[in-house]
Amino acid sequence: MQTSKLKIAGAILLAFIVVWVLVFGWWQADNHQPSVADLGLYLGLLPSSLVGGFWLLHGFIEQLRAPAAEPAAPADSDPFAHSARLAAEERGYTMDLIGMAVAAAPGASVEDILDAVAAGRRPELDADLRDDDGFPVFTARVGSLDLEAFGDKLAAAAGTLPGCFKHDEQLRALALIDATLPALLAEAGTLLDRAGPPARLRLFWLIPADWEAGHLPALQAWLRAEYLHDLGKAHVEVALRQVVDDVDALMQIDELIQAAGRTPAEGELNLVFGAHSAIGDKTIQAWTARSRLFGADRQGGQIPGECGVGLLFAAGCGAPVERRLRISRIGSAVRDKPADAGGRINGALIEQLASGLLTVHGLAPAAIKAIVADCDHRESRVGELLRAAGEQFEELDPMTSCPRLGSACGTLSPLGGLLTLACAAGKAAAEAGPVICVSNQHPSARAALMVAPVPSPVDGAVVS
């Protein structure tokens with residue numbers, strides 16, 4: 001370092017000496033008598049400018065000769081880039097379905113329901129319910145419910161439920177809970193015992209939005225007293241959530257998938273369940289007043305139905321691979337024109353939602369084995385679904401590969417989407433491949449998701 005400084009100082013001194021010698025020689029040749037200004041300009045400023053100019057030129061040349069710097073990588077702190085990466089990652093989140101229980105007019109299994117749809121079974125004239133003119137109405141009633149026995153059980157239950165739950169539609173809904181929930185709770189208890197601490201069970205009871213919110217505490221107390229007493233050693237959480245339509249119910253599952261993807265928790269079970277019944281005079285009168293009830297003079301009307309459904313999701317807990325079905329995130333959107341507005345209804349929105357699923361999970365349309373939907377007999381819903389399927393899934397036979405549950409089960413909103421998800425899972429297991437589940441029963445709200453068997457360790461991924 002010291003030697004380098006001495007060299008620089010010597011070079012500067014040499015430059016000054018050279019300039020001075022040349023200036024003195026010039027003055028002597030011209031016999032010039034320099035003034036004070038000449039001495040400052042030619043003996044001070046001139047050599048200083050030459051030395052300064054040299055070093056500026058030297059620095060510029062060295063900068064040109066240096067290798068170009070690598071472009072800076074995008075900062076991780078960039079909120080827009082971070083949000084885009086996070087959104088893309090979260091679209092690929094999935095959750096495993098390991099158990100389901102259903103009850104609807106065609107039967108108490110997804111196989112019964114799918115077989116009824118495939119066979120073209122339709123709702124029948126109800127033996128008890130009549131319209132305003134005294135004629136029987138079509139309903140999709142669950143005939144296996146023993147309301148007398150369940151009513152006795154309800155009367156003997158600890159705690160007191162509001163009177164509205166002891167008759168008509170709400171009594172039938174609780175009876176459908178009783179028909180589907182216990183089997184899944186028993187399965188969950190077995191898995192929790194096998195997993196041991198800190199395994200936990202979270203229950204999400206999806207309740208129709210038209211039930212009074214003030215009744216929720218009483219319903220939760222009834223649920224705990226009647227069904228959860230045998231799970232005392234396990235960590236059990238209960239949440240009651242009101243849902244307004246089929247898509248809203250499906251989006252509750254989407255929230256679970258998103259939360260599980262962000263914060264994975266081994267040994268956690270999530271049980272999503274609910275029931276709804278439109279089989280009662282209250283519904284018949286309300287639908288008649290709104291010209292919504294199906295009849296001879298209103299072929300575009302809806303048929304009352306009822307169902308109970310439970311879905312058990314797992315992270316760990318030892319459920320074997322062969323019983324697992326992988327559920328994707330749910331894509332949802334709203335039609336700009338309601339399907340009930342009349343005119344030709346296209347399937348562009350459903351097609352768009354399905355395309356999004358294929359893109360996220362890296363699948364070609366030919367890989368899809370079936371499309372299961374919750375829509376009913378109405379031409380607007382059927383046409384929308386079949387147009388979407390025909391545009392993109394040419395390999396699928398619309399008569400056999402696009403079952404529409406509402407055609408056999410009637411209107412099940414707000415829980416028809418959950419029942420459709422269960423049946424799509426059963427279809428995926430039977431076909432050993434991915435199945436798309438679609439909800440298009442609502443006038444405007446649309447949703448789609450994918451269900452596929454979980455691959456064994458030697459297989460390739462189906463839905464990742």
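I take buried to mean under 20% relative accessible area, exposed over 50%, and partly exposed in between, with a 1.4 Å probe and protein chains only.

I am working on a predicted model, where local features need pLDDT of at least 70, side-chain atom pairs count only at pLDDT 80 or more, and totals for chains, interfaces and linings use all residues. Residues are numbered from 1 along each chain as its sequence is written, and side-chain values use heavy atoms, with hydrogens and water left out.

**Aromatic pairs**

I began with the rings. Rings of Phe, Tyr and Trp (its six-membered ring) pair if their centres lie within 6.5 Å; planes under 30 degrees apart count as stacked, over 60 as edge-to-face and the rest as tilted. I found five aromatic pairs in the structure. One of them is Phe138 with Phe294: the ring centres are 5.6 Å apart and the planes stand at 80°, so I logged the pair as edge-to-face. Phe138 sits in strand S3 (residues 136-139) and Phe294 in the loop between helix H9 (281-289) and strand S7 (306-315), so the pair ties together parts 156 residues apart in sequence. For element names I use DSSP runs, numbered from the N terminus: helices are H or I with at least four residues, strands are E with at least two. Phe138 is partly exposed at 30% relative accessible area. Phe294 counts as buried at 15%.

Next I looked up Trp205 and Trp222. Their ring centres are 6.1 Å apart with planes at 45°, so this pair is tilted. The pair links distant parts of the chain, with Trp205 in strand S4 and Trp222 in helix H7 (residues 216-227), 17 residues apart. Both Trp205 and Trp222 are buried. I also noted one aromatic cluster, formed by Trp205, Trp222, Tyr227 and Phe273.

**Strand S4**

I stayed with S4, which spans residues 200-208. How many of its nine residues are buried? I read eight, so the strand is mostly covered. Two strands pair if DSSP finds at least two bridges between them. S4 runs parallel to strand S5 (residues 235-243), and nine bridges join the two. Leu206 has Arg241 as its bridge partner in S5. S4 is also parallel to strand S6 (residues 268-277), through seven bridges. There I noted Leu271 as the bridge partner of Leu203.

**Salt bridges**

I count a salt bridge when a side-chain nitrogen of Lys or Arg is within 4 Å of a carboxyl oxygen of Asp or Glu. The structure holds 18 of them. I checked Arg141 with Asp128, which meet at 4.0 Å, N to O. Arg141 lies in the loop between S3 and helix H5 (147-155) and Asp128 in strand S2 (residues 124-130), so parts 13 residues apart in sequence are tied together. Arg141 is partly exposed at 26%, whereas Asp128 is exposed at 58%.

Then I took Arg335 and Glu384, whose side chains meet at 3.0 Å, N to O. This pair links distant parts of the chain, 49 residues apart: Arg335 is in the loop between strand S9 (331-334) and helix H10 (348-361), Glu384 in helix H11 (residues 379-392). Are these two buried or exposed? Arg335 is buried, and so is Glu384.

Arg378 and Asp340 form another salt bridge, at 4.0 Å, N to O. Arg378 is in the loop between S10 and H11, Asp340 in the loop between S9 and H10, 38 residues apart. I have Arg378 as buried at 7% and Asp340 as partly exposed at 48%. Salt bridges that share partners join Arg200, Arg202, Glu237 and Glu268 into one network.

**Two buried residues**

Contact here means heavy atoms within 4.5 Å. I looked up Ser444, in the loop between strand S11 (435-439) and strand S12 (445-453). Ser444 counts as buried at 13%. Leaving aside neighbours within four places in sequence, Ser444 is in contact with Ala333, Val334, Arg335 and Pro338.

Ala373 lies in strand S10 (residues 370-373) and is buried at 0% relative accessibility. Beyond neighbours within four places in sequence, the contacts of Ala373 include Leu385, Pro403 and Val438. I also logged 5.9 Å between the C-alpha atoms of Ala373 and Cys437, which are 64 residues apart along the chain.
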